[in-house]
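The following exercises treat pockets, cavities, interfaces and backbone geometry in turn. Each task is followed by a solution in steps.

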Amino acid sequence: MTLFFVVTLNGLTLAALYFLAASGFSLIFGLMRTVNMAHGALLLLGGYIGWSVADATGLWALGVFAGGLGAAFAGALVQIGVLGWMQGDELRQTLASIAISIILADLMLWIWGGTTYQVRTPDWLSGGMRIEILGIGYAKVRLYLMAFALVVGVALWLFIQKTRIGAVIRAGVDDQDMLRALGYPINRIFVLVFAMGGMLAGMAGVIAGSALSIAPGTDLQFLLSSLVVVIVGGMGSVGGAALGALLIGLAEQYGLAYAPTYAAVVTFVIMVVVLAVRPQGLLGQAEA
Amino acid sequence: MKNLKIAVSALALSAAAVPASADDIKIGVISILEGAFAALGQDGIRGVEMAIADAGGSVAGKDVELIVVSSDASPDSAVAAARRLIEQDGVQVIVGPLSGSEGLALRDLSRSYPEVTIINGSSGAQDTTLRDPSENFYRFGGDGAQWMAGVGTYAHDTLGYEKVAIVAEDYSFPYTQVLGFMSEFCAAGGTVPEKFWTPIGNADYSSVVYSIPQDVDAIFVALGGSDAVSFLTQYQQAGFNTPIIGGSITIDQTVLSSDASFRDMLLGAPAGTPTVSDFDSPEWTAFSAAYAEAYPDGLGAPSIFAHHYYMGGHAAMLALEEVGGDLSDGGAAFRAVLDDLEFVQPTGGIMRLDENRNGIVDNFVIEVFEREDGSLGTRAIEVVKDVNQTLGQDLETFLAAGPVSRDNPSCP
């Protein structure tokens with residue numbers, strides 16, 4: 001029974017990480033219909049930058065901040081420099097973002113090498129925390145990770161629902177042409193959203209590097225999980241990303257604990273079922 | 001404007017490609033430069049480069065050109081890489097691949113290209129050479145089981161472990177490693193109550209960590225690269241302290257050099273490997289020094305991958321020299337030389353092949369220790385000489401035990 005609770009806790013913490021990674025991806029898609037295949041690369045870039053900064057200064061929080069900022073900057077550059085030129089042509093954008101992802105991955109391999117990095121956490125995050133009810137020790141960093149994802153999720157929701165700029169973004173999701181006609185600088189909003197998506201990815205990268213580890217390949221792993229999460233949850237909605245992350249995180253951990261050999265299959269079975277029954281995702285809106 | 005862009009990019013492309021003369025000898029290299037094994041693959045490339053540099057970059061007066069192609073640890077990607085090298089680049093000698101199942105795939109592919117010689121990099125699946133071998137596939141090195149020689153006995157008799165759980169990746173190389181460990185450990189009287197096979201590239205091992213039975217004396221971990229780092233980190237974070245026994249690529253320089261918090265936990269952990277980072281022999285000292293000089297940004301010492309890709313490249317260069325760089329007979333003379341080739345390997349022993357073209361090797365039981373500068377290295381506890389592919393057993397009996405799999409061998 002203890003195992004069941006521990007695995008559930010693992011699933012929840014993994015879901016928190018998946019949510020952080022997928023929310024930015026989903027945000028970008030929701031507004032621009034761009035499937036940003038470079039999202040994983042931005043995440044890994046943020047992770048590496050965060051590691052470098054945390055290693056140089058010894059300040060973990062600064063590392064998370066720098067990782068988010070670095071990836072936000074890179075995300076904005078991608079939109080201004082490449083994807084912005086082909087706005088409205090989603091297929092071309094997707095293909096271009098795959099190219100960017102491959103180029104970034106090679107550049108990162110060149111700069112940081114193939115070694116696996118682990119971002120050192122400060123003392124208050126390291127080691128285990130005793131959970132009395134279960135009678136086990138549990139990694140503190142993972143518990144804080146859950147809290148962090150919760151805060152980010154609520155903040156993101158408030159931003160989208162309650163602020164003026166959030167209202168503009170929502171309006172853009174519904175009717176881009178109208179927004180443009182009303183004189184809103186839509187290209188600048190696109191860049192802003194891309195930067196936000198990059199920031200979320202970058203922070204997720206540093207946190208993934210603290211709770212797990214980062215290495216070449218982490219980019220594709222998180223890109224894949226983000227894709228699955230938003231496909232299951234529904235593209236373009238914060239709630240959908242949260243629900244999708246929860247389902248996938250739990251399924252992966254139960255799979256790994258109770259049927260390790262088939263763990264990799266479980267997530268895809270969920271995806272296939274969702275696609276068959278509700279192709280727009282659990283919380284997604286059907287295309288008009 | 002558009003035409004201008006195309007013209008400029010075409011110009012840039014043609015300037016980057018240095019024209020190769022027809023007399024050059026092209027050697028294809030297949031290694032993994034992406035994903036979880038990228039650090040290992042990078043070190044493999046260093047190994048081949050060292051072998052070429054040893055010969056002065058040319059053989060029998062012809063320049064040697066390396067063409068490196070990346071695979072991603074999957075058999076398909078290795079086959080695609082090899083096809084590209086053979087059909088587009090026209091290579092007749094390939095060094096590689098890195099990973100177990102890739103080796104099996106290339107052995108099968110080699111049958112369709114009898115004029116091409118494939119010299120294994122570091123892939124260590126057993127059946128690549130044991131069952132149904134291919135005439136033009138060579139392995140100057142051991143398989144995963146040979147690399148564990150001595151460890152099972154050491155764990156049982158010297159460390160006194162009776163019950164060991166296994167955590168390993170779910171493909172042919174770890175199966176082979178587990179066989180190497182268990183064949184000795186079970187014969188000595190130990191038991192393995194449970195095995196956990198996990199997918200390659202898995203990042204979150206926490207549920208496996210908590211599923212491991214509490215009453216085992218040690219855990220045998222056969223994971224590579226970032227998988228090993230992830231597992232060990234999470235195991236340590238969860239606050240467990242059961243001792244670790246390492247597979248050959250778990251306790252490897254690529255893992256020991258990573259910046260992670262589990263370092264202290266690994267001190268004293270035993271493992272089996274053909275490559276010891278701090279091994280006191282003149283040959284190894286010279287090899288490490290050459291490595292450190294050529295690659296100041298490399299790992300703390302050559303890894304198993306640099307070592308084995310070096311041996312593959314070295315064997316190719318020696319045999320090419322012998323035939324005067326002439327492969328025009330479809331490589332028949334080249335392979336005849338390879339069959340009987342013997343050379344001193346970087347760890348000091350004599351490398352030679354059995355009738356299936358698999359290496360007979362010296363293997364080491366090692367332990368992790370801390371160097372004076374604080375970095376982690378491995379040192380030899382014991383050397384097991386002349387380990388062949390059947391681990392000293394009779395070939396018939398060994399084959400009768402059946403191919404390795406998740407469930408074979410078993411001693412719960």
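## Exercise 1: Cavities

Five cavities of 30 Å³ or more are present in the structure. The model is a predicted one, in which local features need pLDDT of at least 70, side-chain atom pairs count only at pLDDT 80 or more, and totals for chains, interfaces and linings use all residues. Residues are numbered from 1 along each chain as its sequence is written, chains are lettered from A and ligands numbered from 1 in the order in which they are written, and side-chain values use heavy atoms, with hydrogens and water left out.

**Task.** State the volume of the largest cavity, and give the classes of its lining residues.

**Solution.** 

Step 1. On a 1 Å grid over the protein atoms alone, a cavity is a set of points where a 1.4 Å probe fits but cannot get out, and a lining residue has an atom within 4 Å of a point. Grid points are joined across faces, edges and corners, and a volume is the space filled by probe spheres set on the points. The largest cavity has a volume of about 60 Å³.

Step 2. Its lining consists of B:Ile251, B:Asp252, B:Gln253, B:Leu256, B:Thr273, B:Thr275, B:Val276, B:Ser277, B:Pro302, B:Ser303 and B:Thr378.

Step 3. Ala, Val, Leu, Ile, Met, Phe, Trp, Tyr, Cys and Pro count as nonpolar, Asp, Glu, Lys and Arg as charged, and the others, Gly among them, as polar. By this scheme the lining of the largest cavity comprises four nonpolar, six polar and one charged residues.

## Exercise 2: Pockets

**Task.** Determine which element gives the most residues to the lining of the largest pocket, and which gives the largest share in the second largest pocket.

**Solution.** 

Step 1. A pocket is an open set of grid points with protein on both sides within 12 Å along at least five of seven lines.

Step 2. Helices (H or I, at least four residues) and strands (E, at least two) are DSSP runs, numbered from the N terminus. Two or more lining residues come from each of α1 (2–32), α9 (218–233), α10 (238–258) and α11 (263–277) of chain A, and from α8 (225–237) of chain B. Of the elements, α9(A) contributes the most, with seven residues.

Step 3. The lining of the largest pocket holds 24 nonpolar, 16 polar and six charged residues.

Step 4. The second largest pocket has a volume of about 880 Å³. Of its 37 lining residues, A:Arg33, A:Val173, A:Met235, A:Gly236 and A:Gln285 lie nearest the centre. The largest share of this lining, six residues, is supplied by α1(A), and the lining divides into 18 nonpolar, 13 polar and six charged residues.

## Exercise 3: Interfaces

**Task.** Describe the interface of chain A and chain B, then that between the two domains of chain B.

**Solution.** 

Step 1. With contact taken as heavy atoms within 4.5 Å, 36 residues from chain A and 35 residues from chain B take part. Buried area is the accessible area (1.4 Å probe) that two parts lose on being put together, summed over both. Between the chains this area is about 2,700 Å², with 52% from carbon and sulfur atoms.

Step 2. A salt bridge is a side-chain nitrogen of Lys or Arg within 4 Å of a carboxyl oxygen of Asp or Glu. The rule finds one across the chain interface. A:Arg142 forms a salt bridge with B:Asp204, with the closest N and O atoms 2.6 Å apart.

Step 3. An automatic or database domain assignment supplies the domain bounds. Chain B comprises domain 1 (21–143 + 283–362) and domain 2 (146–279 + 363–400). Their C-alpha centres lie 26 Å apart, and about 3,100 Å² is buried between them, 58% of it from carbon and sulfur atoms. On the domain 1 side, B:Asp143, B:Ile304 and B:Asp362 lose the most area, together 22% of what that side buries.

Step 4. Two salt bridges are counted between these domains.

## Exercise 4: Backbone geometry

**Solution.** 

Step 1. Most residues other than glycine have a negative phi, and most peptide bonds are trans.
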